Amino acid sequence: MEDAVNNDQDLKKNGGGVFKTLYQNQNKEGDVIDETGTAGVFKSTSGFTDKKYYCLHNKAATGSVIKITNPANGKFVYAKVLDLVPDIKQNNGMLIIISNAAAQELGVAENNFTCLLNYSK
């Protein structure tokens, strides 16, 4: 029971999600890339309670973590890259596609929005 309480406390104080430490560790090893562009949203059941946010991105390595910032309000999340953005018409011009839980954490109301990305090569 004590582990569950500690885990709950860790999630509450771990702003941006549970992948923050992984992001910090991976960025110690390489140059950080900054990108600005349009983000899309996909539906997922993960992230709403466990703070595990996921994304699709064409340049960052699968399994790496990207810091995604909403410049409209300064909110950010750390999302793990699952795969590439699918090459279909609806994704044209999308820099990244994030889970709906990540979008909610970023305070995003629409399906497409401008975002800032930071990640390691």
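Student: Which residues have the most contacts inside the largest nonpolar core?
Tutor: A caveat comes before the answer: this is a predicted model. The residues with the most contacts inside the largest nonpolar core are I66, I68, I96, I98 and L117, and that core has 21 residues.

Student: Which elements give two or more residues to this core?
Tutor: They are strand 2 (53-57), strand 3 (65-69), strand 4 (76-83), strand 5 (94-99), helix 3 (100-105) and strand 6 (113-120). Strand 6 supplies the largest share, 4 residues. As background, nonpolar side chains in soluble globular proteins tend to be buried together.

Student: And what is L117 in contact with, leaving aside neighbours within four places in sequence?
Tutor: With that exclusion, L117 is in contact with I33, D34, E35, H57, I66, K67, I68, L95 and I96.

Student: Which residues does the second core include?
Tutor: That core is separate and has 5 residues, among them F19, Y23, Y54 and Y78.

Student: Let us step back to the fold. How many helices and strands are there?
Tutor: There are 3 helices and 6 strands. Read from the N terminus, the order of elements is α-α-β-β-β-β-β-α-β.

Student: In what order do the strands of the barrel run?
Tutor: The barrel is closed, comprises 6 strands and runs 1-5-2-4-3-6, with mixed pairing. From one strand to the next, the twist averages 45°.

Student: Strand 5, then. Is its pairing with strand 1 parallel or antiparallel?
Tutor: Strand 1 (residues 32-42) pairs with strand 5 in the parallel sense, over 5 bridges. Within strand 5, I96 is the bridge partner of A39.

Student: What about strand 2 and strand 5, parallel or antiparallel?
Tutor: Strand 2 pairs with strand 5 in the antiparallel sense, over 3 bridges. In that strand 5, I97 stands opposite L56.

Student: Why is strand 5 described as largely enclosed by the rest of the structure?
Tutor: Because 6 of the 6 residues of strand 5 are buried.

Student: Among contacts between residues at least 6 apart in sequence, what percentage join residues at least 24 apart?
Tutor: The figure is 78%.

Student: Where does D83 lie, and is it buried or partly exposed?
Tutor: D83 lies in strand 4. Its relative accessibility is 43%, so D83 counts as partly exposed. Apart from neighbours within four places in sequence, D83 is in contact with C55, L56, H57 and T62.

Student: You mentioned C55. How many disulfides does the structure hold?
Tutor: The structure holds 0 disulfides. C55 is in none, and its nearest cysteine sulfur, that of C115, is 9.7 Å away.

Student: Now the loops. Where is K51 placed?
Tutor: K51 is placed in the loop between strand 1 and strand 2. K51 has a positive phi of about 60°, although it is not a glycine. For context, most residues other than glycine have a negative phi. K51 counts as partly exposed, at 22% relative accessibility.

Student: And N92, in which loop does it lie?
Tutor: N92 lies in the loop between strand 4 and strand 5.

Student: Is N92 buried or exposed?
Tutor: N92 is exposed, since its relative accessible area is 56%, and the cut-off for that class is over 50%. The C-alpha atoms of N92 and T38 are separated by 9.9 Å, while these residues are 54 apart along the chain.

Technical notes:
Residues are numbered from 1 along each chain as its sequence is written. This is a predicted model: local features need pLDDT of at least 70, side-chain atom pairs count only at pLDDT 80 or more; totals for chains, interfaces and linings use all residues. Side-chain values use heavy atoms; hydrogens and water are left out. A nonpolar core is a set of buried Ala, Val, Leu, Ile, Met, Phe, Trp, Tyr and Cys residues joined through side-chain atoms within 4.5 Å. Buried means under 20% relative accessible area, exposed over 50%, partly exposed in between (1.4 Å probe, protein chains only). Contact means heavy atoms within 4.5 Å. Two strands pair if DSSP finds at least two bridges between them. Axes are lines fitted to C-alpha atoms, for helices over the stretch in contact, and angles run from 0 to 180 degrees between N-to-C directions. A disulfide is a pair of cysteine sulfur atoms within 2.5 Å.
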